[in-house]
Amino acid sequence: MNYIGTTINESSVITATAGRAIENGAGCAVYFDTDGTVVLGNAGSSVIGILAMDTPEKVEAGDEVTVQIRNTGLAKAGEPIKAGDIVVPHNAGALVPSKKGGSMFGFALSEAKKAGDFFSIDICKGNYINPTT
């Protein structure tokens with residue numbers, strides 16, 4: 001994807017505490033658990049953001065992590081995604097296209113050809129009901 005003009009990445013980020021060990025978490029969606037720590041999102045969870053791309057390969061429970069909570073960034077796909085798809089949390093923090101509606105996390109701005117690929121996302125959380133269901 002190409003940007004036209006000057007861009008400055010001023011995405012909103014927060015620092016949070018990991019509630020569990022996380023491996024290869026960069027670009028994965030997370031939510032706050034009942035202890036107020038962040039854990040990888042799953043289908044139906046109300047994710048708050050994605051782990052920053054500079055997240056270490058191994059994060060231990062109790063480590064501080066950076067979470068991007070809005071604007072554009074890179075996220076990890078749980079299956080193929082097309083640009084323009086509305087994406088929702090799936091398993092282990094990966095995002096997938098919404099097929100049945102749910103808690104929208106954002107819009108894909110680029111393609112992910114397979115699970116594990118990174119894609120550009122516009123994070124815009126909200127409720128979404130698929131009009132075809």
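Is Lys-113 buried or exposed? Select the residue and look: Lys-113 is exposed, since its relative accessibility is 63%. Bear in mind as you click around that this is a predicted model.

**Stop 1**

Glu-111 has a relative accessible area of 47%, so Glu-111 goes down as partly exposed.

**Stop 2: Lys-114 and Asp-117**

Next, pick Lys-114 and Asp-117. These two also form a salt bridge, and their closest N and O atoms sit 2.8 Å apart. Check the surface around Asp-117: the residue counts as buried, because its relative accessibility is 18% and the cut-off for buried is under 20%.

**Stop 3**

Select Glu-79 and Lys-99. Here you'll find another salt bridge, the closest N and O atoms being 2.4 Å apart. Glu-79 belongs to the loop between β8 (71-76) and β9 (86-89), while Lys-99 belongs to the loop between β10 (95-97) and β11 (102-108), so this pair ties together parts that are 20 residues apart in sequence.

How many salt bridges does a search of the whole structure find? The count is 3.

**Stop 3: a negative patch**

Clear the selection, then pick Glu-23, Glu-57, Glu-60, Asp-63 and Glu-64. Together they make up a patch of negative charge on the surface. Zoom in on Glu-57, one of its members. You'll find Glu-57 in the loop between β5 (49-51) and β6 (58-59). With a relative accessible area of 62%, Glu-57 is exposed.

**Stop 4: the cysteines**

How many disulfides turn up in a search of the whole structure? The answer is 0. Cys-28 is buried, with 2% relative accessibility. Cys-124 is partly exposed, with 24%. If you want to check for yourself, look at the sulfur atoms: a disulfide would need a pair of them within 2.5 Å.

Technical notes:
Residues numbered from 1 in each chain as written. Predicted model: local features only at pLDDT ≥ 70, side-chain atom pairs only at ≥ 80, totals over all residues. Heavy atoms only, no water. Patch = residues over 30% accessible without salt bridge, like charges linked within 9 Å, V, L, I, M, F, W, Y side chains within 5 Å. Areas by Shrake-Rupley, 256 points an atom, 1.4 Å probe, with all protein chains shown as cover. Salt bridge = Lys/Arg side-chain N within 4 Å of Asp/Glu carboxyl O. Lys, Arg positive; Asp, Glu negative; His and termini not counted. Charge placed at Lys NZ, Arg CZ, Asp CG, Glu CD. Helix = DSSP H or I, 4+ residues; strand = E, 2+ residues; numbered from the N terminus. Buried < 20%, exposed > 50% of the residue type's maximum accessible area, 1.4 Å probe, protein only.
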